[in-house]
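Thank you all for coming; I would like to walk you through one model this morning, going from the whole chain down to a few single residues. Please have the sequence and the structure open while I talk.

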Amino acid sequence: MKVAITGSSGFIGSHLSKRLAVLGHEAVPLWRYLFTQDSLDCLVQSLAGCAAVVNLAGAPLDRRWTDAYKLELMDSRIMTTRKLVEAVNLLHEPPGVMISTSAVGYYSPEGCHGEHDDPAEGSFLAELCEAWEAEAERVNDHVRLVRVRFGVVLSPDGGALPKMIMPTRFGVTVSIGKPDHAFSWVALDDLVNALAFILEHGDVSGPVNVTAPERTTNEEFYKAVAEHFHTRVSVRVPDAAVRLVMGEASQVVTSGQCAEPETLLREGFEFQYPGISTFFNKAFPVKS
């Protein structure tokens, strides 16, 4: 199967490309220049013959959200998805499936959410996710659309985790966010396996939460960090200090959403890392 991928050189995209190759599929990178104003024909040509599309493009969230950067966050997701959908809809033989990325920031921090719950109100992140998904929904009805909502992606070799656990080198666990807030996460290996699973399972469509099945709070996450790395001191950074540094973007790390992977569990997907302690034990094995 030829699988076209936006964001193929990024953290998730590069790992997904490798995983697809192991499974015998061919990853077709959709480079950024294909999404410029006058390149629609080239994008259509790049998509021709692809059985699937995975849309992973988007500017990173982990920096201060100035008005200008908010516009970049919107454009890098919405305009890219809009052009991708336009190109797919021009194909005489469109791909059978399109997976388009979103995030659990779609939901309210209150309660625990299934995939058909409403988006949060009054949140820029939720509005971003909702608008992003709305663009994907414009795709041709003959294309199976899956809108995947990721939790925080954890991996020892990239993403947010190396920064989060860096103080453990000095015997300190530094926590951010209120202890009882939800921390929805997914191991990178499970994420790329879930994307491959979705590509191959034609019954999966609509919104899909890609999060570890065992519910985790901030307190449980940082407790697992402290226990695994045997830290001697725990320090909590006040939310006000995080807001001072990150502004509105601080909500990404100071609050969280509980999202359950209902569809993946129902369809029989097996998580290698169902709980946070299992993740640390496998991702950072203790040397004998």
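What we have here is a predicted model, in which local features need pLDDT of at least 70 and side-chain atom pairs count only at pLDDT 80 or more, whereas totals for chains, interfaces and linings use all residues. Residues are numbered from 1 along each chain as its sequence is written, and side-chain values use heavy atoms, with hydrogens and water left out.

Let me start with the whole chain. The protein chain holds 11 helices and 13 strands, where helices (H or I, at least four residues) and strands (E, at least two) are DSSP runs numbered from the N terminus. Its radius of gyration is 19 Å, close to the 19 Å that the globule rule gives for 288 residues, so the chain is as compact as a globular protein of that length; the radius is taken over C-alpha atoms, and the rule is 2.2 Å times the number of residues to the power 0.38. Along the principal axes, the C-alpha atoms fill a box of roughly 60 × 45 × 30 Å.

Of the 288 residues, 52% count as buried, and by buried I mean under 20% relative accessible area, with exposed being over 50% and partly exposed in between, using a 1.4 Å probe and protein chains only. The accessible surface of the protein chain comes to about 14000 Å², of which 52% belongs to carbon and sulfur atoms; these areas come from the Shrake-Rupley method with a 1.4 Å probe, and for residues only the protein chains shown count as cover. Among contacts with a separation of 6 or more, 81% are accounted for by residues 24 or more positions apart, a contact being heavy atoms within 4.5 Å.

Now to the strands, where I speak of two strands as paired if DSSP finds at least two bridges between them. How is strand β6 (residues 144–150) covered? The answer is that 7 of its 7 residues are buried. In a regular strand the side chains alternate between the two faces of the sheet. In β6, Arg144, Val146, Val148 and Phe150 point one way while Leu145, Arg147 and Arg149 point the other way, and all are buried. Strand β6 pairs with β4 in the parallel sense over 7 bridges, and with strand β11 (residues 206–210), also in the parallel sense, over 5 bridges; in β11, Pro207 is the bridge partner of Arg147.

Met98 counts as buried, at 0% relative accessibility, and, leaving aside residues up to four places away in sequence, it touches a set of residues including Val53, Thr81, Leu84, Ala136 and Val143. Met98 and Val53 are 45 residues apart in sequence, yet their C-alpha atoms are 4.7 Å apart in space.

Elsewhere, 3 strands form an open sheet in the order β8-β7-β10, with mixed pairing. Strands β8 and β10 stand at the edges, each with a single partner strand, so one side of each is left without a neighbour in the sheet. The parallel part is β7 (residues 152–155) with β10 (residues 185–187), over 3 bridges, where Val153 has Val186 as its bridge partner. The antiparallel part is β7 with β8 (residues 158–159), over 2 bridges; these two strands form a hairpin with 2 residues between them, and Ser155 stands opposite Gly158.

Finally, two loop residues. Gly105 sits in the loop between β4 (97–103) and β5 (112–113), and it is buried, with a relative accessible area of 3%. Not counting residues up to four places away in sequence, Gly105 touches Leu125, Ala126, Cys129 and Gln257.

Which loop holds His230? His230 lies between α7 (218–229) and β12 (233–237), and it is exposed, with a relative accessible area of 62%. Most residues other than glycine have a negative phi. His230, although not a glycine, has a positive phi of about 55°, and I would be glad to look at that residue together on the screen.
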